[in-house]
Amino acid sequence: MTKQRFGINGFTLKWIAMVCMLVDHTGAVLFPQYIQMRMVGRLSFPIYCFLLVEGAVHTKNIRKYEIRLLAFAFLSEFPFDLAFYTRPDFRHQNVFFTLFFGLLAVEQYQKQRENLNSLLTFIISISCMAAAELLNTDYGAAGVIFILLFYALYQQAVLKQAAFVAVNFLLYGVSIQSYAGFAAFPMLLYNGQKGPSMKYFFYLFYPLHLLGIYFICKIISWKEEYM
């Protein structure tokens, strides 16, 4: 039996990120007048980036991890478009694509670091950031930067979070995205333990909650039109 450590495990962090994401997307689509919901939602993405790096470090097969992310990226794109644009829209791609490019950068970073090829590592990292920007994925290049930062400072728990808060501020300044810095607190409480496994539940929640938001919007529109 694994000895319980002080703090919160990966399972709890996933729930925190998932609930914050649900609040964020509900606020964005159904209650845009409540900016507080978007503020809460800023905590979600950094935690997912943090957990992605944990997964990348401990996975036995990073290629399968990448394929899984890419599969859910395509699976989630239609629900993403429906929730935010009410129709297919290829101008903005969902966050799974950002996570995929981030993981791809981490994999290449791992390989090239072993070969001490810092120039190639830099080129690959920039390429992943550029791909995220060109596809206009959620958070774009900034998302890939956060993932690489969490990986590069993996062993430095406090420095890693301080650097994240600083980089987040440098990239976004004083804006609603500034509230993402508060995600450092639950991440600092991470105890290094995975916790219960509900992997596919967390993956599937993303497209399913977007579909749910879309159908709620349709029901509200129908009521306003016919009642």
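This is a predicted model: local features need pLDDT of at least 70, side-chain atom pairs count only at pLDDT 80 or more; totals for chains, interfaces and linings use all residues.

Biologist: Fine. Which residues does Leu-99 touch, not counting residues up to four places away in sequence?

Modeller: Phe-45, Cys-49, Leu-52, Leu-69 and Ile-147.

Biologist: And what makes a set of residues a nonpolar core?

Modeller: The set has to be buried Ala, Val, Leu, Ile, Met, Phe, Trp, Tyr and Cys residues, joined through side-chain atoms within 4.5 Å. Buried means under 20% relative accessible area, exposed over 50%, and partly exposed in between, using a 1.4 Å probe and protein chains only. The largest core here has 57 residues, and those with the most contacts inside it are Leu-69, Phe-96, Leu-99, Val-144 and Phe-150. The elements giving it two or more residues are α1, α3, α4, α5, α6, α7, α8 and α10. Its largest share, nine residues, comes from α5. As for the labels, helices (H or I, at least four residues) and strands (E, at least two) are DSSP runs, numbered from the N terminus. In soluble globular proteins, nonpolar side chains tend to be buried together.

Biologist: Why is Asp-24 called buried?

Modeller: Because its relative accessible area is 6%, and the label needs under 20%. Asp-24 lies in helix α1. Leaving aside neighbours within four places in sequence, Asp-24 is in contact with Met-37, Arg-38, Gly-41 and Arg-42.

Biologist: How do you know that Asp-24 has a polar contact with the side chain of Arg-38?

Modeller: The rule asks for a pair of N or O atoms within 3.5 Å; within protein, one must be able to donate a hydrogen and the other to accept it, and residues adjacent in sequence count only if both atoms are side-chain atoms. The side chains of Asp-24 and Arg-38 are joined at 2.5 Å, and those of Asp-24 and Arg-42 at 2.7 Å. Both pairs are listed as polar contacts.

Biologist: What makes something a pocket?

Modeller: On a 1 Å grid over the protein atoms alone, a pocket is an open set of points with protein on both sides within 12 Å along at least five of seven lines, and lining residues have an atom within 4 Å of a point. Of its 28 lining residues, the closest to its centre are Lys-14, Leu-51, Gly-55, Tyr-65 and Tyr-203. α3 gives the most to that lining, with seven residues.

Biologist: And the second largest pocket, how much space lies there?

Modeller: About 260 Å³. Among its 18 lining residues, Asp-24, His-25, Phe-84, Asp-138 and Tyr-139 are the closest to the centre. The largest share of that lining, four residues, comes from α1.

Biologist: Why does Asn-136 count as partly exposed?

Modeller: Because its relative accessibility is 38%, and the label covers values between the buried and exposed limits. Asn-136 sits in the loop between α6 and α7, with phi near 55 degrees, a positive value in a residue other than glycine. Tyr-139 lies in the loop between α6 and α7, and its phi is near 75 degrees, also positive. Most residues other than glycine have a negative phi.

How values were computed
Residues are numbered from 1 along each chain as its sequence is written. Side-chain values use heavy atoms; hydrogens and water are left out. Contact means heavy atoms within 4.5 Å. On a 1 Å grid over the protein atoms alone, a cavity is a set of points where a 1.4 Å probe fits but cannot get out, and a pocket is an open set with protein on both sides within 12 Å along at least five of seven lines; lining residues have an atom within 4 Å of a point. Grid points are joined across faces, edges and corners, and a volume is the space filled by probe spheres set on the points.
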